[in-house]
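I opened my notebook to look up a few things in a structure. Come and read along with me.

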Amino acid sequence: MAQARILPLNPARRPAATAPDPHHLKMLRALERKILWLSSWMIHHANQVRPRRDGLKVGGHQASSASSVTLLTALYLHALRSEDRVAVKPHASPVFHAIQYLLGRQNVENLKRFRALGGAQSYPSRTKDVDDVDFSTGSVGLGVASTLFASIVQDYVQLKKLAPAGVKRGRMVAIVGDAEFDEGNVFEAMLEGWKHDVRDLWWVIDYNRQSLDSVVSDQLFQTIERAFEGTGWRVVTLKYGKLLEEAFRQPGGAALRRWIDECPNAIYSALCYKGGAAWREHMRAEIGQEQGVAELLARYNDDDALHRLMTNLAGHDIESIVEAFDAAAADDTPTCFIAYTIKGFGLPFAGHKDNHAGIMSDAQMSAFRDGMGVRPGEEWERFAGMDLAVPEIERFLKDVPFARQFPRRYAPKSVPVPGDFPVPAAGSKGMSTQEGFGRILYDLAGGSSELAARIVTTSPDVTVSTNLGGWVNRRGLFDRRDRSDVFKAEKVVSAQTWAMSPSGQHVELGIAENNLFLMLAAAGLAGPLFGARLLPVGTLYDPFIERGLDALNYACYQDSRFMLAATPAGITLAPEGGAHQSIATPLIGIGQPGLSYFEPAYIDELSAIMEWGFGHMQAEEGGSVYLRLSTRPLSQPERRLDARRKAEIVEGGYWVKPPSPDTDLAIAYVGALAPEAAEAHRQILEDVPGAGLLAITSPDRLHAGWQEDPHGSHVSRLLGSLAPGAGLVTVIDGHPATLSWLGSVRGHRIRALGVDRFGQSGDIPDLYREYGLDAEAILDAAAALCLGR
Ligand SMILES: Cc1ncc(C[n+]2csc(CCOP(=O)(O)OP(=O)(O)O)c2C)c(N)n1
Ligand SMILES: [Mg+2]
């Protein structure tokens with residue numbers, strides 16, 4: 001699908017690097033040192049200085065931070081522009097905050113409260129930190145992949161000219177830990193990026209060859225490099241710094257280079273830790289006899305100098321990095337920088353395999369402080385210990401390109417939701433909520449509302465089977481280039497038109513639910529990131545929410561706003577199979593912050609929820625919306641919802657048949673089980689004429705309301721009309737715990753029916769019988785409740 005691209009390795013395509021200005025480099029080096037100090041001190045202070053109340057370690061990652069100080073310095077203080085968007089590897093949070101502090105965007109109180117409530121966060125957080133984090137990170141692999149989807153979204157916004165004038169196109173940048181490439185989602189994202197021909201994307205890999213537990217496999221990166229090259233990236237390897245490059249050119253240099261190239265990661269790391277004498281001993285023993293080596297070692301007869309030479313990797317050499325960034329900035333080819341670094345560089349535990357969570361002792365910290373020229377009591381001073389004039393430093397920081405704009409977030413205005421929001425009519429065969437969802441989008445696609453123009457749909461290869469086909473036929477698929485529908489051109493009859501262009505409004509993804517959620521996360525942040533509000537709608541099969549759950553959680557944590565239609569759901573998909581039956585997703589819907597879960601039975605309910613949902617996605621205190629939908633066609637009630645009923649549907653439920661004041665019983669149902677509940681209710685009325693029937697459209701909204709205000713909540717009002725001591729049968733095609741809490745709202749006795757085991761194929765009557773969801777099971781539960789009085 002993607003066009004062939006000129007591959008990166010052709011050096012002729014890379015503009016020659018021009019040497020950076022020496023004064024500029026001097027400033028960067030001085031600030032790099034300061035940033036190393038501040039980030040190390042921030043962690044030390046949180047762990048060893050700040051009083052602790054609970055006996056728990058605070059943590060923080062001095063080694064991981066030190067590993068990336070040079071890279072982050074070169075990025076933030078040199079290469080980045082304010083329109084660029086960045087994901088910083090989670091454990092470099094202190095480095096990020098130290099840089100923002102120097103730029104005047106983070107205050108010292110927050111640094112002093114690193115990892116404490118309200119202070120600088122453990123991992124960069126766009127919702128909890130004050131210093132303009134673009135992408136939250138924490139769960140390794142997700143931040144980096146987010147930048148790729150953000151790049152697709154930026155293209156989407158820019159090619160459609162949705163952003164206001166003056167919003168510049170930026171580069172999406174991730175600083176990535178090398179072990180993040182153990183997460184499969186990164187490779188899933190790379191494949192998707194290749195299909196979509198992503199541009200303006202940089203991944204800077206902090207290649208310290210260490211993860212949390214250990215030193216990573218030798219030559220791992222040759223394999224990873226191939227993956228990059230195979231998916232259209234330019235790979236820039238930054239291995240040796242200027243000192244080593246110079247030494248390689250001298251007598252003995254060729255042997256030195258070969259030795260260091262072949263040195264296993266574990267030995268290199270161990271020698272970094274042990275220092276100059278150990279380097280000398282190893283090199284003497286292994287290459288001492290080769291021509292020029294003895295002289296070379298003699299030239300570095302001071303152990304510290306030899307250590308400095310041998311640890312001079314390009315990832316700690318600001319000049320090499322700046323040159324590489326400048327060269328790559330000349331075009332928009334996605335570029336991966338593999339920057340060799342040393343975990344803990346500049347700190348006493350550099351290279352030690354156990355240094356991931358290592359923290360310097362008081363004595364080590366004092367020695368480090370002295371080495372930095374920082375006097376006791378001046379630890380937080382922005383410029384203490386720097387041998388440059390303060391006005392000069394301030395001038396430099398003021399001119400940093402990244403710092404030209406602050407804050408860097410946009411707040412585009414809301415898109416109105418049309419008053420005549422579609423309510424599709426069902427024919428005599430009834431309609432499923434999945435079909436209704438497709439019809440609503442199809443109807444919106446036929447109009448010319450601003451809302452429809454801002455909706456972007458996306459799906460991991462289940463566009464047609466989740467009923468998005470009609471919308472896509474009308475609004476087209478998005479691609480950076482025009483691509484005709486070959487089947488249509490060849491006059492092959494198909495219900496689907498599959499033409500692609502920059503004006504298309506559906507982003508088709510391969511089957512990878514992580515990618516779906518990261519795409520939704522990025523599209524749902526198009527407003528703050530790119531100045532153009534988008535209303536993303538994603539579809540998938542309900543059980544596969546669990547496949548991408550961490551990415552869904554991540555999307556919500558970033559306060560991204562989207563609508564998720566998950567269908568089919570539950571055992572109601574019936575013959576389509578046991579493996580695809582979702583059970584726990586309603587509990588996810590309740591448990592996931594930032595996501596409101598709905599499971600309507602009828603199309604008019606769904607329409608009211610979607611109408612509200614597009615507003616909720618844009619409200620300041622709003623959030624995302626999860627629609628759990630079904631493929632079961634239901635005949636629709638003859639009615640027109642008034643505003644009050646619509647409000648009740650959005651709040652989570654309404655009485656279809658209110659209970660009489662003295663009745664013993666009510667039935668509460670969710671979604672596709674409406675007919676079974678209605679049938680059971682009809683039969684019960686013969687014995688219990690006042691029995692109530694309660695439609696629950698959102699267990700989540702009911703529960704949230706109840707938590708917020710136990711007595712004044714909607715659910716408390718609803719159940720207030722059921723006599724105290726009456727019994728309540730609840731029924732859902734999902735885990736029964738979704739509704740069993742209803743008994744606590746007003747102390748009603750409860751029987752909660754649902755599904756709590758896997759999982760087989762069958763038709764609906766058989767399955768509802770097998771799992772105890774049919775009218776008979778509801779009647780049995782009702783009888784047990786009545787007898788149990
Ligand atoms: C999904 C996920 N699994 C596990 C962890 C725990 N963890 C934190 S850092 C880390 C290793 C990271 O190594 P690397 O990416 O190389 O970072 P660096 O060496 O730069 O510290 C692990 C396993 C996590 N944060 N996220
Ligand atoms: Mg690492």
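My entries below go through the metal site, the ligand and the aromatic rings.

**Ground rules.** I am working with a predicted model, where local features need pLDDT of at least 70, side-chain atom pairs count only at pLDDT 80 or more, and totals for chains, interfaces and linings use all residues. Residues are numbered from 1 along each chain as its sequence is written, chains are lettered from A and ligands numbered from 1 in the order in which they are written, and side-chain values use heavy atoms, without hydrogens and water.

**Metal site.** I looked up which protein donors the magnesium ion (ligand 2) has, and found Asp178 (OD), Asn208 (OD1) and Gln210 (O), 1.9 to 2.2 Å from it. Donors are N, O and S atoms within 2.8 Å of the metal (3.2 Å for Na, K and Ca); water is not among the atoms, so sites may look incomplete. I noted their spacing in sequence as D-x29-N-x1-Q.

Are Asn208 and Gln210 buried or exposed? Asn208 counts as buried at 4% relative accessibility, and Gln210 is buried at 3%. Buried means under 20% relative accessible area, exposed over 50%, partly exposed in between (1.4 Å probe, protein chains only).

**Ligand 1.** I found 17 residues around ligand 1, and the closest are Ser64, Lys89, Asp178, Gln210 and Lys343. To be near, a residue needs a heavy atom within 4 Å. An oxygen atom of ligand 1 lies 2.6 Å from a side-chain N or O atom of Ser64. For a backbone N or O atom of Gln210, I noted 2.9 Å to an oxygen atom of ligand 1.

**Rings.** I wrote down one aromatic cluster: Phe181, Phe187, Trp203, Tyr207, Phe221, Phe228, Trp233 and Tyr340. Rings of Phe, Tyr and Trp (its six-membered ring) pair if their centres lie within 6.5 Å. The count comes to 26 aromatic pairs.

Notes. Polar contact = N/O pair within 3.5 Å; in protein donor to acceptor, adjacent residues only side chain to side chain. Phe/Tyr/Trp six-rings, centres within 6.5 Å; stacked < 30°, edge-to-face > 60°.
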